[in-house]
Amino acid sequence: MSNKPVPLMARLRKPTPLLFAAGAALVVGAGALRRRTSGSPPRTRSVPRPSVSGPSRPRALTLLVTAHERPADGVVLLRLEGTGLPPWEPGAHLDLVLPSGLVRQYSLCGDPEDSSSYTVAARLVEDGRGGSRELHEQVQEGTELEVRGPRNRFPLVDAPSYAFVVGGIGITPVLPMLRALPEGAEWRLLYGGRTRASMPFLEEVEKLDADGGRLTVVAEDEDGRPGPGAFLAGLPEGTAVYCCGPEGLMAAVAERLPDGAALHLERFAPRTTADGDGEFEVELHRSGRTLTVPGDSSVLAAVRAELPNTPYSCEQGWCGTCQQTVLEGEIDHRDELLTDSERGDSMLICVSRCRGTRLVLDM
């Protein structure tokens with residue numbers, strides 16, 4: 001990974017006011033993980049203390065859905081309108097609270113200077129957990145949705161040149177970046193999808209390469225899966241490489257990244273690992289209970305078996321609803337949301353685990 005990115009603010013130009021949308025987003029944090037180790041001084045259980053767990057939530061807004069469109073096969077676009085909306089920069093995303101209470105994240109891709117509306121998009125995941133289907137089938141024009149954010153952990157940085165590799169709905173967070181690049185900036189884009197009909201905003205993307213030579217489109221039914229090796233070859237020193245798409249595509253980009261290039265990733269799901277999936281204990285400090293977390297289950301599942309009112313939503317390390325303070329133990333962070341400072345003494349219990357045999361949570 002590169003050094004901590006510096007947002008490209010001074011060089012942003014006003015995007016052409018076209019309607020774009022952005023896909024589900026989950027963003028990669030940078031820097032080393034600092035963890036609290038076991039051995040902290042013992043604390044009495046006789047007097048319950050209020051919890052200090054949980055992140056500070058972004059201010060919630062209630063916005064009206066004024067457009068519900070189909071820009072590609074299996075993709076829905078929503079325009080959300082309100083007044084005096086918080087500003088955003090390319091790469092930012094929103095938390096949408098769906099009518100069922102589920103919280104899902106979607107990247108913004110309209111005009112950053114439009115303070116009256118946000119635009120997002122989502123692909124229907126047939127075997128998903130219901131959020132995308134609810135957005136496709138139950139949310140319509142006239143629906144009011146609670147929105148939190150925007151937040152940005154995938155910012156456009158200042159670089160001598162840019163290379164973008166995206167798969168399917170992953171094109172959406174990249175669109176405002178392309179339109180914000182300074183006149184004459186050097187860039188190239190590899191855009192892959194299952195079919196051309198399933199690739200959202202393909203026509204808009206092609207217009208960005210009016211002179212030709214910068215855009216490579218790979219439809220799997222015509223050309224097979226995109227291979228990033230040739231596309232990444234020969235990148236100039238210091239190129240910022242942005243990738244958003246399936247885990248396999250991002251792994252391939254990381255493997256073939258040339259020396260001197262800086263990689264920026266946005267994930268649809270939290271990073272997984274085959275290590276550290278063994279059984280461990282979790283002590284709930286304020287409740288006085290000790291739980292066993294099996295290797296094939298989560299801390300959240302174990303905790304909710306004892307404390308069924310424990311809040312949660314996405315179960316994939318995206319939304320931060322289940323963040324809890326860790327009093328003792330070494331955390332195996334598997335989310336892509338928390339900042340370095342937050343990782344020091346808290347975790348998202350839906351995905352993160354223990355590197356040792358015991359954690360103590362302030363619950």
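Student: Which salt bridge do the side chains of Lys207 and Glu203 form, and at what N to O distance?

Tutor: In this predicted model, the side chains of Lys207 and Glu203 meet in a salt bridge with an N to O distance of 3.7 Å.

Student: Where do Lys207 and Glu203 sit in helix α3, and how many residues apart are they?

Tutor: Lys207 and Glu203 are four residues apart in helix α3, which spans residues 202-208, so about one helical turn separates them.

Student: Are Lys207 and Glu203 buried or exposed?

Tutor: Both Lys207 and Glu203 are exposed.

Student: How many salt bridges does the count come to?

Tutor: The count comes to 15 salt bridges. One of the pairs is Glu255 with Arg256, where the closest N and O atoms are 3.8 Å apart.

Student: What about accessibility for Glu255, and for Arg256?

Tutor: Glu255 counts as exposed because its relative accessibility is 65%, over the 50% cut-off. Arg256 has a relative accessible area of 39%, and therefore is partly exposed.

Student: Which residue does Arg358 meet in a salt bridge?

Tutor: The side chain of Arg358 meets that of Glu328 in a salt bridge of 3.3 Å, N to O. Arg358 lies in strand β19 (residues 358-361) and Glu328 in strand β15 (residues 323-328), so this pair ties together parts that are 30 residues apart in sequence.

Student: And is Glu328 buried or exposed?

Tutor: Glu328 is buried, because its relative accessible area is 16% and the cut-off for burial is under 20%.

Student: Changing topic to the open sheet: what is the order of the six strands?

Tutor: The order is β5-β4-β7-β2-β3-β6, and the pairing is antiparallel. The edge strands are β5 (103-107) and β6 (117-123), each of which pairs on one side only. From one strand to the next, the twist averages 40°.

Student: How many bridges join β2 to β7?

Tutor: Five bridges join strand β2 (residues 60-72) to strand β7 (residues 144-151), and the two strands run antiparallel. Within this pairing, Leu61 has Val147 in β7 as its bridge partner.

Student: What holds strands of a sheet together as pairs?

Tutor: In general, strands of a sheet pair through backbone hydrogen bonds, in either a parallel or an antiparallel arrangement.

Student: Back to β5. Is Gln105 buried or exposed?

Tutor: Gln105, which is placed in strand β5, counts as buried because its relative accessibility is 0%. The side chain of Gln105 makes a polar contact of 3.0 Å with the side chain of Asp95.

Student: Now the largest nonpolar core: how many residues has it, and which have the most contacts inside it?

Tutor: The largest nonpolar core has 32 residues, and those with the most contacts inside it are Tyr162, Phe164, Ile171, Leu181, Leu189, Tyr191 and Tyr242.

Student: Which elements give two or more residues to this core?

Tutor: Those elements are β3 (75-81), β8 (161-167), α2 (175-180), β9 (186-193), α3, β10 (215-219) and β11 (240-244). Helix α2 supplies the largest share of this core, four residues.

Student: What does the second, separate core include?

Tutor: The second, separate core has 23 residues, including Leu337, Met347, Ile349 and Met363.

Conventions: Residues numbered from 1 in each chain as written. Predicted model: local features only at pLDDT ≥ 70, side-chain atom pairs only at ≥ 80, totals over all residues. Heavy atoms only, no water. Pairing = 2+ DSSP bridges. Axes fitted to C-alpha atoms, helices over the stretch in contact; angles between N-to-C directions. Buried < 20%, exposed > 50% of the residue type's maximum accessible area, 1.4 Å probe, protein only. Polar contact = N/O pair within 3.5 Å; in protein donor to acceptor, adjacent residues only side chain to side chain. Salt bridge = Lys/Arg side-chain N within 4 Å of Asp/Glu carboxyl O. Core = buried A, V, L, I, M, F, W, Y, C linked by side-chain atoms within 4.5 Å.
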